[in-house]
Amino acid sequence: MNYREVSMSKAHMIVLSLVGEKPMHGYQIGQLVDQLRLPLWAGVTLPAIYKAIQTLETKKFIRGEEVRDSNNPPKMVYHLEAKGRKYLAETVRGYLREVEKHGHDWWFTLMFAKGAIKKSELLELIKSRINFIEEMGKIKEEKKEQMWTLDKDKVPFVHLHMMNLGTRCAKMELESLQELYDDIASCNHDCFFLDEGEQL
């Protein structure tokens, strides 16, 4: 199957990752999404999560199993299927390859990357993002210099503050990316990654 037939979304990535950690029912998934405050800071709503569950089950990326708990009504518990694991890996890699993505979205993807990417792949992607941010920093500095060759009365003062904020954010992200790279290279977290020889 061509996995591009199902549009990649944050909601799909979240559901596949959570169900991949352990089988759970829809309400449990919703509770975790709420506890992680994803509707607030990631823009992923609970209706989007429940729609993702339906879509992923229809496409057979997850499998629902009805489970009874004593006299309570049965609950549908979802399990990650092999093709769902492959789709999760493709989704995570797709997002992380887009090094020009806003930092918030790029880092968000890392939350759901456990077991979906090889260590060597992530190290290369971190290097690519570092290179991208450094190149963007050079371009911004050039634009800043050009801006001040203009008549200063014609440049809104807030532009300088915005450019300074962008520079500070980029510097902080570069530091965090280097820390992440060093932490991964330390081999203390190898259980997070796919085995180097593993094929999905």
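Contact here means heavy atoms within 4.5 Å. Keep that cut-off at hand for the exercises below, and remember that this is a predicted model.

**Exercise 1. Work out how helix α1 and helix α5 are arranged, and which residues join them.**

Step 1: Locate the helices. Helix α1 spans residues 10-21 and helix α5 spans residues 82-97.

Step 2: Take the geometry. The two pack at an angle of about 130°, and their axes are 10 Å apart. Angles of 65 to 115 degrees count as roughly perpendicular and those over 145 as roughly antiparallel, so α1 is oblique to α5.

Step 3: The crossing in which α1 passes α5 is left-handed.

Step 4: List the partners. From α1 come Lys10, His12, Met13, Leu16 and Ser17, and these meet Gly84, Tyr87, Leu88, Thr91, Val92 and Tyr95 of α5.

Step 5: Sort them by class. The contact of α1 with α5 has six nonpolar residues, four polar and one charged.

**Exercise 2. Check the length of helix α8 and describe how α6 packs against α8.**

Step 1: Helix α8, residues 157-185, has 29 residues and reaches 43 Å from its first C-alpha to its last. At 1.5 Å a residue the expected value is 42 Å, and the span of α8 is close to that.

Step 2: See what follows. After α8 comes Cys187, with a positive phi near 70°.

Step 3: Bring in helix α6, residues 103-110. The axes of α6 and α8 come within 12 Å and cross at roughly 20°. Angles under 35 degrees count as roughly parallel, so α6 is roughly parallel to α8. Their crossing is left-handed.

Step 4: Name the contacts. Gly103, Trp106, Trp107 and Leu110 of α6 meet Glu173, Ser176, Leu177 and Leu180 of α8. By class, this contact of α6 with α8 has five nonpolar, two polar and one charged residues.

Notes:
Residues are numbered from 1 along each chain as its sequence is written. This is a predicted model: local features need pLDDT of at least 70, side-chain atom pairs count only at pLDDT 80 or more; totals for chains, interfaces and linings use all residues. Side-chain values use heavy atoms; hydrogens and water are left out. Axes are lines fitted to C-alpha atoms, for helices over the stretch in contact, and angles run from 0 to 180 degrees between N-to-C directions. Helices (H or I, at least four residues) and strands (E, at least two) are DSSP runs, numbered from the N terminus. A crossing is left-handed if the near helix is turned anticlockwise from the far one by less than a right angle, and right-handed if clockwise. Ala, Val, Leu, Ile, Met, Phe, Trp, Tyr, Cys and Pro count as nonpolar, Asp, Glu, Lys and Arg as charged, and the others, Gly among them, as polar. The expected span of a helix is 1.5 Å times one less than its number of residues.
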